[in-house]
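Please open the structure in your viewer and keep the selection tool at hand. The tour below moves from one selection to the next and says what is to be found at each stop.

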Amino acid sequence: MRIRNHLFVFCFAALSGCATVDFDTPREASFAMDASESTTLKQTIEKWKEINPGPSGFYPLVDGTDALGARLRLIEAAEKTIDAQYFLMKNDSAGQVFASALFAAADRGVRVRFLLDDIFTTVGDEAMTIIDGHPNIELRLYNPVSRTGIKGLNYLGDFSRANRRMHNKSFIVDNAAAVVGGRNIADEYFNLNQKGEFLDFDMLIFGEVSEALSVEFDRYWNHERSVPAEVVVGRISEQELADFRNSLSREKLESARKHYQEAFDSDLMLSIGQQETRFYSADATVITDDPDKLVTAIDRENRLLINALAEVANEVTSEVVVMTPYFIPGKAGVDFWRSIVARGVRVVIVTNSLAANNHTAVHSGYARYRKDIIRAGVELFEARADAVAAEDKTMTMHTKAMIFDRESVFVGSLNLDPRSIAINSEMGVLVSSPEMTESLSTRLFSNLSQWTYRVTLNEQGKLRWQANIDGEEVVGTKEPLASWWRRFSAWLLRIAPENQL
């Protein structure tokens, strides 16, 4: 007992003495390029708008190679500014290619503002100092944790603050074109991971919506929780930066060039370059949580994005389709979807099966509501982990999208789980395009049976997974493709606090 007490006192003292970040550090406010300034990209868009009726153009990015290629194409087209905002970045092939492209743009004189959430980013502090060291690149970390002492202890010691994360994802070039969606900067989001593949979704955007996205970026960039990276991770000199660039091995450079060229020359990017791809012309609304959501008490009134989407869903007359990798509706969510179904609206929800989910604890939170959501009248589908061409890969559905009455589509960073809804900040774009939305819906439903299970209840009220695999009807009564250990882990993790998932 005495040893336990001493251990408690030691842990308490360690946590109590944790270092914090100085959020009052001086920083210079900066803003998006003036909308009246002209660039080649803006001139191209203006010519497009002359023969298209809508204020903005859109194209869905389903394939990961296309999604990386779109970002790289825009970086090469940049003449004035690049604004990037992401939840995480990894020091892998995608991260290195992305950073190299930003460096090349900065070398041309383009101003780069890079806003990165701090906690799940695995790019090391040294790499951050290198990115931030370029005179035309400014890196800021959102709601960072101090590096003085042990970072993990600093996180735990200031948990109530550090637990609130910026989950937003946007990429804007010359205040004229953008990419918004569910992808972060890491291999698995762009078909570069050898072990797993994410089924994800972004939207390539140009026109007026890009300007609205810039306004939202500026709000986060200039917020009190957005801290210059050098305050947190230090800085390097111009000579140290030059030495680093000179030390890059030929092997690393060749590998980066290979991935760069493959993405840059994807079928879609070549088609766009030859002006063969038709962009959808439409109106759209940018919906973003206020950055103050992360500094105020957790409250329903602060959930701007989910509240706005609930209003849209309440106006639907025929069909709502939801794609979310992490789905924990809670009792309130079950009641909400039951009320939508009660109005005669078809509700389809697509999420991950246990084997496909990369967060077992989240599946545990979801599983306790699965029967209730089916009884509420929702058509429930779960992604199959083996629904990829390569046998040694696992597929995870990471798409975050909603389709309303096949007239409008929302794409963004939002998951339908307590963390996204209440704790983190989120963003997205609601595009009003019946033509594009009908095309997306048709594509989804024509392929849905090829990569999901339909989850229903049998006559005994037990869960049943049905799928057509290689032309054969398969019916299961336990979590498909999940090992006994994975199923046990999911059962055990039911003790995890649901409001943190």
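Begin by selecting Tyr-220, which counts as buried at 1% relative accessibility, where buried means under 20% relative accessible area, exposed over 50% and partly exposed in between, with a 1.4 Å probe and protein chains only. Before going further, note that this is a predicted model, in which local features need pLDDT of at least 70 and side-chain atom pairs count only at pLDDT 80 or more, while totals for chains, interfaces and linings use all residues. Residues are numbered from 1 along each chain as its sequence is written, and side-chain values use heavy atoms, with hydrogens and water left out.

**The aromatic rings**

Rings of Phe, Tyr and Trp (the six-membered ring of Trp) pair if their centres lie within 6.5 Å, and planes under 30 degrees apart count as stacked, those over 60 as edge-to-face and the rest as tilted. By this rule the count comes to 17 aromatic pairs. Tyr-142 belongs to strand β4 (residues 137-142) and Tyr-220 to helix α8 (residues 208-221), so the pair ties together parts that are 78 residues apart in sequence. Helices (H or I, at least four residues) and strands (E, at least two) are DSSP runs, numbered from the N terminus. Tyr-142, at 0% relative accessibility, counts as buried.

Next, select Trp-48, Tyr-59, Phe-206 and Phe-279, which ring pairs link into a cluster.

Now show β4 as a whole, which is mostly covered, with five of its six residues buried. Strand β3 (residues 111-117) pairs with β4 in the parallel sense over six bridges, and two strands are said to pair if DSSP finds at least two bridges between them. To see one of these bridges, select Arg-113, whose partner in β4 is Glu-138.

Move on to Ser-146, in the loop between β4 and α6 (151-157). Ser-146 counts as buried at 7% relative accessibility, and the side chain of Ser-146 reaches the backbone nitrogen of Thr-148 at 3.0 Å. Not counting residues up to four places away in sequence, Ser-146 touches Ala-19, Thr-20, Val-21, Lys-151 and Asn-154, contact meaning heavy atoms within 4.5 Å.

**Asp-289**

Select Asp-289, in the loop between β10 (280-288) and α13 (304-314). At 1% relative accessibility, Asp-289 counts as buried. The side chain of Asp-289 makes a polar contact with the side chain of Lys-293 at 3.0 Å; such a contact is a pair of N or O atoms within 3.5 Å, and within protein one must be able to donate a hydrogen and the other to accept it, while residues adjacent in sequence count only if both atoms are side-chain atoms. Leaving aside its neighbours within four places in sequence, Asp-289 is in contact with several residues, among them Arg-219, Tyr-220 (the residue that opened the tour), Asn-302 and Glu-426.

**Helix α3**

Turn to helix α3 (residues 64-77), whose 14 residues reach 20 Å from the first C-alpha to the last, close to the 20 Å expected at 1.5 Å a residue; the expected span is 1.5 Å times one less than the number of residues. Because 10 of its 14 residues are buried, α3 is largely enclosed by the rest of the structure, and the buried ones include Gly-64, Asp-66, Arg-71 and Ile-75. At the start of α3, look for a side-chain oxygen of Asp-63 that reaches to within 2.9 Å of the backbone nitrogen of Thr-65.

**Strands β13, β18 and β19**

Finally, select strand β18 (residues 452-457), which pairs with strand β13 (residues 379-383) in the antiparallel sense over four bridges; there, Leu-380 has Val-455 as its bridge partner in β18. β18 also pairs with strand β19 (residues 463-469) in the antiparallel sense over four bridges, and Leu-457 stands opposite Leu-463 in β19. β18 and β19 form a hairpin with five residues between them, and Gly-461 in the turn has a positive phi of about 80°.

The last stop is Ser-449, in helix α18 (residues 434-451), which is partly exposed with a relative accessible area of 44%. Leaving aside its neighbours within four places in sequence, Ser-449 is in contact with Arg-384 and Asn-468.
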